[in-house]
Amino acid sequence: MAQTDLPLDDLRTFRPAVAEPADFDEFWQRTLAESRALRTPPTLVPAVTPITEIIVEDLTFAGFGGEPIRAWVTRPRGHTPHPAVVEYIGYNGGRGIPGERLAWAAAGYVHVLMDTRGQGSGWGTGGDTPDPHGSDAAVPGFMTRGIADPDTYFYRRVFTDAALLIDTVCDFDFVDAGRVSVTGGSQGGGITLAAAALNPHVRTAMPDVPFLCHFRRSVELTPGNPYQEVERYLAVHRDRVENVFATLSYFDGVNFARRITAPALFSVALMDETVLPSSVFAAYNLCGSADRSIEVYAFNGHEGGLTAQWLRQTAWLAARL
């Protein structure tokens, strides 16, 4: 496997013109306001697990349209408020079984792992959150569900879930609401960018090999799925090209990154065949944060830095929270 994109020196200066709708901010303000108006109190109950030295709880909160979204809350014992790390999951993965991910709690953080609505059957140990919305004509997968209109697009619901989860987390008495971070890899990285831009309570953002950035370049040049779902859709719906990319511009991680002012730690892998390194650098180079850095894994694919990146995150986060 060779490097899949531009040379690193070119990537570091790559600042493309990415389409941004004139009503981008208005669209998201309206979207969040509509769903916040339907918010109901969350439920938090002990999870069924043999783990005893760390608290594991099952959270249900109101997301897009007030619809119930599941998450795991994993946290240290004790009553002192802790900083929180909210994590979003990669494409078609689910929150899994309780206690699968203990590292953040073991490091002293409240860890909140959001289930992605409608997903959870592609890898791992499953998801628990349905997406009750249908779709017009779509390619199998999630990338083209509702893509004819920004109001019906799948990621409108997911990004709203992610932003509203921050509201819920900040209300917990065991969370220090002034020290809330967001993170995730691949799709989770793209959701991280959206959450950090949409909710001002986010204090730091750590997107790993983020998906859903620079849609036009990614769809045209990425050699594999999931971007090829959009390619296959447009190969059939030949008259919808501009309409599709107009919809996607409301969900482009580059446009969210422009609005992020919190400290941000990115990662990128130069042999990634799922997420083009140039799409990551487009978001990173245009990110609005004055305190931003990026870890480059020159000989890795979409797995990125794995635990090596987590160790980098813990050191970086400790210096800021």
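Visitor: How much space lies in the largest cavity?

Guide: This is a predicted model, and in it the largest cavity holds about 40 Å³ of space.

Visitor: How many cavities of 30 Å³ or more are there by this rule?

Guide: The count comes to one.

Visitor: Which residues line the largest cavity?

Guide: The lining is made by Trp72, Thr74, Ile97, Gly99, Glu100, Arg101, His111 and Leu113. By residue type, the lining has three nonpolar, three polar and two charged members.

Visitor: Turning to pockets, what volume does the largest pocket have?

Guide: The volume of the largest pocket is about 690 Å³. There are 25 lining residues, of which Glu87, Arg101, Gly185, Asp208 and Leu306 are the closest to the centre. Arg101 is also one of the residues that line the largest cavity.

Visitor: Which element supplies the largest share of that pocket lining?

Guide: Helix α11 does, with five residues. At least two lining residues each come from β4 (82–88), α3 (103–106), β6 (175–185) and α11.

Visitor: And how do the pocket-lining residues divide by type?

Guide: They comprise nine nonpolar, twelve polar and four charged residues.

Visitor: Staying with α11, where is glutamine 313 found, and is glutamine 313 buried or exposed?

Guide: Glutamine 313 is part of helix α11, which covers residues 306–318. Its relative accessible area is 3%, and because the cut-off for buried is under 20%, glutamine 313 counts as buried.

Visitor: What does the side chain of glutamine 313 pair with?

Guide: The side chain of threonine 183 makes a polar contact of 3.3 Å with that of glutamine 313. Beyond the neighbours within four places in sequence, glutamine 313 is in contact with Trp104, Thr183, Met206, Asp208 and Leu265.

Visitor: Now the packing. Which residues touch the most other members of the largest nonpolar core?

Guide: The core has 79 residues, and Tyr88, Met143, Tyr155 and Phe159 touch the most other members. Helix α4 (residues 154–171) gives the most to this core, namely eleven residues. There is also a second, separate core of seven residues, with Trp104, Met206, Leu265 and Leu317 among them. Trp104, Met206 and Leu265 are also among the contacts of glutamine 313.

Visitor: What is phenylalanine 159 in contact with?

Guide: Setting aside neighbours within four places in sequence, the contacts of phenylalanine 159 are Trp28, Gly190, Ile191, Ala194, Leu198, Leu212, Phe251 and Phe256.

Visitor: Where does aspartate 167 lie, and which side chain does its own side chain contact?

Guide: Aspartate 167 lies in helix α4. Its side chain makes a polar contact of 2.7 Å with the side chain of arginine 36. Aspartate 167 is buried, at a relative accessible area of 11%. Apart from neighbours within four places in sequence, aspartate 167 is in contact with Arg36, Arg39, Asn199 and His201.

Visitor: How many residues of helix α10 are buried?

Guide: Nine of the nine residues in α10 (residues 277–285) are buried. These buried residues pack against α1 (8–11), α5 (187–198), α6 (215–221), α9 (253–257), β8 (264–269) and β9 (292–297).

Visitor: What about the backbone: which residues other than glycine have a positive phi?

Guide: Valine 209 has a phi near 30 degrees, and histidine 214 has one of about 45 degrees. Most residues other than glycine have a negative phi, and most peptide bonds are trans. Valine 209 is in the loop between β7 (204–208) and α6, and histidine 214 is found in the loop between β7 and α6 as well. Both are buried, valine 209 at 5% relative accessibility and histidine 214 at 9%.

Visitor: Which peptide bond is cis?

Guide: The bond from asparagine 225 to proline 226 is cis, with omega near 5 degrees. Proline 226 sits in the loop between α6 and α7 (227–236).

Visitor: Last one: where is aspartate 136 found, and what does aspartate 136 touch?

Guide: Aspartate 136 is in the loop between β5 and α4. At 39% relative accessibility, aspartate 136 is partly exposed. Not counting residues up to four places away in sequence, aspartate 136 touches Gly146 and Ala148.

Terms used. Residues are numbered from 1 along each chain as its sequence is written. This is a predicted model: local features need pLDDT of at least 70, side-chain atom pairs count only at pLDDT 80 or more; totals for chains, interfaces and linings use all residues. Side-chain values use heavy atoms; hydrogens and water are left out. A nonpolar core is a set of buried Ala, Val, Leu, Ile, Met, Phe, Trp, Tyr and Cys residues joined through side-chain atoms within 4.5 Å. Buried means under 20% relative accessible area, exposed over 50%, partly exposed in between (1.4 Å probe, protein chains only). Helices (H or I, at least four residues) and strands (E, at least two) are DSSP runs, numbered from the N terminus. Contact means heavy atoms within 4.5 Å. On a 1 Å grid over the protein atoms alone, a cavity is a set of points where a 1.4 Å probe fits but cannot get out, and a pocket is an open set with protein on both sides within 12 Å along at least five of seven lines; lining residues have an atom within 4 Å of a point. Grid points are joined across faces, edges and corners, and a volume is the space filled by probe spheres set on the points. Ala, Val, Leu, Ile, Met, Phe, Trp, Tyr, Cys and Pro count as nonpolar, Asp, Glu, Lys and Arg as charged, and the others, Gly among them, as polar. A polar contact is a pair of N or O atoms within 3.5 Å; within protein, one must be able to donate a hydrogen and the other to accept it, and residues adjacent in sequence count only if both atoms are side-chain atoms.
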